[in-house]
Amino acid sequence: MDEQDKNIVNFGTDPEVSTIVEPASPQPASLKAVPVQHEPVQPGPSKPRKKKKEKKYVSRGVFVVCLILSFILSSVLGGLIGGAIGIIAAQDGDNLITRNDSELSHLNLSDATGSELTVAEIVDKNEDAVVEIVVSGTAENMWGQLQLVQGAGSGVIVTEDGYIATNHHVIQGANKVEVTLHNGSKYAARIIGSDPSNDIAVIKIEAKDLTTVTIGDSSTVDVGDLAVAIGNPLGQLGGTATSGIISALDRTLEVEGTTLTLLQTDAAINGGNSGGGLFNSRGELIGIVESKASAVGVEGLAFALPINSVSEIIDDFIENGGKTTTAEPTPAVGIVISDVSEENAQYYGLESAGVYIAQVTGQNAMDAGFQEMDRIVSFNGKEISSTNEFISLVRKCKVGDTVTIVVSRNGQLIEIKTVLEELQTN
């Protein structure tokens with residue numbers, strides 16, 4: 001307990017009480033007798049003299065014993081009354097609902113808050129909605145010969161009749177896809193649609209009455225929120241659950257040649273987790289597990305596609321029955337950008353650190369007047385300090401939107417308007 005939280009009470013002794021007795025008046029040495037005349041008294045029966053009532057005192061010892069007994073009695077009565085009150089758990093309208101005290105130890109966070117779940121409850125709610133995926137296909141080896149290759153990943157069931165969301169890279173190039181449910185049942189799956197620019201895909205198994213995930217809102221996620229991942233790490237440990245927190249939002253990374261804006265978490269992620277679910281404290285799906293950072297000395301860096309960024313694509317694949325190969329195209333400015341540090345800016349003779357255009361690749365960007373070595377100052381009025389920040393803002397727009405970008409060229413600020421193009425992945 002912190003010192004400031006302690007309640008310190010000093011009990012002191014009562015001050016001494018002294019009784020001061022005044023000296024009696026001095027008695028005169030001699031007294032003269034003064035005659036007093038009395039009325040004659042008639043003889044009669046004499047009245048008995050009343051005895052003075054003696055005052056009774058309670059000894060200090062008896063008082064202390066009585067005081068202790070009263071304390072004990074009040075404690076017993078208090079315990080009995082408290083126990084009786086403890087049996088009454090809640091009042092629902094006019095009806096009293098009783099709850100045994102022995103049940104209190106089994107109360108969970110959801111009972112207290114009405115929304116939050118424990119990690120165990122989150123897993124129990126969603127483990128049947130996360131599946132194992134095994135794919136097989138053919139690929140050329142170094143000698144140009146075709147050989148059979150296999151891979152594994154995870155997926156989340158989004159409809160009761162068997163539509164499953166996963167990553168594009170999980171099923172890419174697959175000739176055969178097999179799904180294993182949490183209960184061990186195996187199904188052949190067919191690919192409904194796949195979007196490489198957003199690394200999302202939908203597959204379908206022929207089954208009914210399946211447990212599905214509850215779609216959450218990834219825009220409400222904050223750094224520090226609970227995050228629980230469920231998937232099939234290493235392709236052999238289906239149903240594995242790990243927990244952590246949301247470490248960062250809007251991380252822009254390049255994954256297999258595709259630039260994605262992702263949620264970052266420190267929940268343990270391994271190969272085979274891709275396509276699995278990332279859940280919040282209410283057990284809602286907030287992300288599709290994407291990848292982990294893999295390097296010597298790197299731990300606790302994993303990423304997931306925010307569900308808000310891919311939910312429309314998933315719906316589009318389901319509604320169109322695989323007739324579309326991609327949902328909405330990814331917007332791009334048509335430039336290649338790079339972060340430049342203060343040290344590198346001085347070395348190359350640039351005006352300052354910041355985000356610079358390394359190459360102009362899109363026709364719209366060329367027509368708008370962008371040039372190599374322009375430093376990007378702002379995008380639609382928002383200052384830019386990193387490439388991740390710039391790409392994240394572009395991703396929130398749509399192909400065909402007109403945007404305003406301010407660049408610094410030779411120390412002069414220039415405002416450029418351009419129409420966003422579709423991102424070219426090749």
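**Exercise 1.** In this predicted model, is phenylalanine 379 buried or exposed?

*Solution.* Start with the relative accessibility of phenylalanine 379, which is 3%. Next, recall that buried means under 20%. Phenylalanine 379 therefore counts as buried. Now try phenylalanine 390: its relative accessibility is 3%, so this residue counts as buried.

**Exercise 2.** Work out how the rings of tyrosine 347 and tyrosine 348 are arranged, and how the rings of phenylalanine 379 and phenylalanine 390 are.

*Solution.* A search of the whole structure gives 2 aromatic pairs. In one of them, tyrosine 347 and tyrosine 348 sit 5.0 Å centre to centre with 85° between the planes, an edge-to-face pair.

Now take phenylalanine 379 and phenylalanine 390. Their ring centres are 5.6 Å apart and their planes meet at 85°; planes over 60 degrees apart count as edge-to-face, so this pair is edge-to-face.

**Exercise 3.** Which residues of helix α3 (residues 119–126) are buried, and where do they lie around the axis?

*Solution.* First, list the buried residues: Ile122, Val123 and Asn126. Then look down the axis of α3: these residues fall within an arc of 95°, so they line one face of the helix. Last, turn to the other side of α3, where Ala120 and Asp124 are exposed.

Conventions
Residues are numbered from 1 along each chain as its sequence is written. This is a predicted model: local features need pLDDT of at least 70, side-chain atom pairs count only at pLDDT 80 or more; totals for chains, interfaces and linings use all residues. Side-chain values use heavy atoms; hydrogens and water are left out. Rings of Phe, Tyr and Trp (its six-membered ring) pair if their centres lie within 6.5 Å; planes under 30 degrees apart count as stacked, over 60 as edge-to-face and the rest as tilted. Buried means under 20% relative accessible area, exposed over 50%, partly exposed in between (1.4 Å probe, protein chains only). Helices (H or I, at least four residues) and strands (E, at least two) are DSSP runs, numbered from the N terminus. The arc is that of the directions from the helix axis to the C-beta atoms.
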